[in-house]
Amino acid sequence: MTKKFLVLLFILLPINANALIEVDITRGNLNPLPLAVSPLSIDEESRKGFEKILKKENIGSEISNIVENNLRTSGLFNPLDKKAFLQAPDIANLKPRFEDWNLIKAQALITGKVNYIDDKLRVEFRLWDVLAAKEMMALAFTTVPNNWRRVGHIISDKVYERLTGEKGYFDTRIIYVSEEGPKTQRIKKLAIMDQDGVNNKFLTLGNELVLTPRFNPASQMVTYLSYFKNMPRVYLLDIETGTQEVVGDFPGMTFAPRFSPDGKKIIMSFAKDGKSDIYTMDLENRIVEKITNHPSIDTSPSYSPDGKYITFNSDRSGYQQIYVMKNDGSDVKRISFGNGLYGTPVWSPRGDLIAFTKLHKGKFYIGVMRTDGSGERLLTENYYQEAPSWSPNGRVLIFYRETKTNSKGEGFSAKLWSIDLTGYNERQIKTPTDASDPSWSSLLSN
Amino acid sequence: MKLNKIFKNTLLVLAACLVLSACATKKEVATDIQGQMQGDVYTGTDTVEYLADGVPDRVFFATNESILTTASRETLRAQAAWLRKNPNINVVLEGHADERGTREYNLALGERRANAAKDYLMTYGISSDRITVLSYGKERPVDSGSNPLAWSKNRRSVTVKAN
């Protein structure tokens, strides 16, 4: 997918970086920036060309809808109603009449143009600062027409980056477990979709139980747990080719897999004789290393982004708590000391925080703490929720939530949710079936 | 430490009861639990199947625990006697957890519970070659309820004939 996507990316005009609008994403944003996403203009010939191959009446509007939706769901931007726009898309893209956009209170404006050239999709777009009456950014892409949705995501990422100063997370995918059937006999399949819930695809048929898929941060590989032949084992799956293989040769259950940040190792638990320890396997030379050695349950390991440390949960103190150690297993330190049980620690891609699940007084929380355990902050409370996964820019967490059943045991559901690191902007992510165990990919393009 | 843990467990149960008492079905649940749970270990027979006459197929555990109760040890001794009488039968011990824990930890906990049962069968003369351990974590509850009684039925190790 990535290889097929040729992005010819060039800057049309120099960027003036001084004194323009900026969005602060470090605190809860209760006043999202009002901005106007003008539909990308398209000439009649190009419009017809795309209608024929993509079965979309106006691909310019479709792409701008993707941008609008992405920016809105980020919680940082408030895309204004198109009905209020005074200037036509093609003219706005040449030279916006800033007074008109100012009048509808837009602080930023996105304009652009779509062309059908040599069977390719060419998109250019511009970001304007309405108050300063200046262009902030101008970019153009050429790609195969089928990539039109990704163009929308890439534009969203560029706008997000220009306005917040941090990389976006829109040109990404989510791998998760699709769930169907009664709670006592759930059928589970691996599924993958774009970050905005579109292009959902099932990767397994549901013949065997599958759990906890995780993306390789460096490639399109996935590691997950499968009960193939009733033997719970960690598998490696190439989502481009569909080939899969079991990871390592362990005489028992392997589970809780995750990749190292460079994608070259898998770290996981191996359970034997009632104890679970953490192991790594090098994917190149297949060398297996034992990292922890303790009669307790050590599981849910996750590397720091520099690969030097590992966080995991263990019940060696009597109850499930979070620990940090060096990547060779030395220097183990407990970092969670609050009330309750702590599990599923995941190191932020920014390196400064660890996200976790907490169980306290019958409630489940998703929270974050610094890597030494200080500064614990609970973001959301519910009957049941767990397994946070970070957006690649470390600003959003995705997790799953299960509902309580009624007195007859009915009404069970499992859904994906996301929440900002600030604790704001909690949203359900729509999936065709019930869903759990989400894992967020890296940015597909950079 | 141990006492402290038991005390905490009792508190948890009490807390769960308090939560329940806020519900409309207070009385119904209270009588259900009475006679079917001891501490928070299931002692009823609703979900139990039999490997042979007088040989129950499963044992139950307290929250976050893998310790065998007196009743569990009795069940496992009956299973060991049955296995000695039927030397050609092999078994799978399927360990399970309730839904009130994280998925990965529960996989490990199910494995630990099934191993507790396996160890006990082995001390009663059953060869480890005849026993396979398989954890399902919280993936295969028998009771889909979201209440302490349902959870107690789901915290279990089930002995299943493998051949």
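Student: What percentage of the 446 residues in chain A is buried?

Tutor: Welcome! This is a predicted model, where local features need pLDDT of at least 70, side-chain atom pairs count only at pLDDT 80 or more, and totals for chains, interfaces and linings use all residues. Residues are numbered from 1 along each chain as its sequence is written, while chains are lettered from A and ligands numbered from 1 in the order in which they are written. A residue is buried if 20 or more other C-beta atoms, placed from the backbone, lie within 10 Å of its own. By that rule, the buried share of chain A is 49%.

Student: How many helices and strands does chain A have?

Tutor: Both are DSSP runs numbered from the N terminus: helices are H or I with at least four residues, and strands are E with at least two. Counted this way, chain A has five helices and 31 strands.

Student: Why does the radius of gyration of chain A agree with a compact globule?

Tutor: The radius is taken over C-alpha atoms, and the globule rule is 2.2 Å times the number of residues to the power 0.38. For 446 residues that rule gives a value near 22 Å, so chain A agrees with its 23 Å.

Student: Is A:Ile175 buried or exposed?

Tutor: A:Ile175 sits in strand S8 (residues 173–180) of chain A. Because 22 C-beta neighbours lie inside 10 Å of it, A:Ile175 counts as buried.

Student: Which residue in S12(A) stands opposite A:Phe215?

Tutor: Two strands pair if DSSP finds at least two bridges between them. Four bridges join S11(A) to the antiparallel strand S12 (residues 221–226) of chain A, and the two form a hairpin with five residues between them. Opposite A:Phe215 stands A:Val222.

Student: How many residues of chain B are in contact with chain A?

Tutor: Chain A brings 36 residues to this meeting. Among the elements giving two or more of them is strand S11 (210–215), in which six of six residues are buried.

Technical notes: A residue is buried if 20 or more other C-beta atoms lie within 10 Å of its own, exposed if 12 or fewer, and partly exposed in between; C-beta atoms are placed from the backbone. Two residues are in contact if their C-beta atoms, placed from the backbone, lie within 7 Å.
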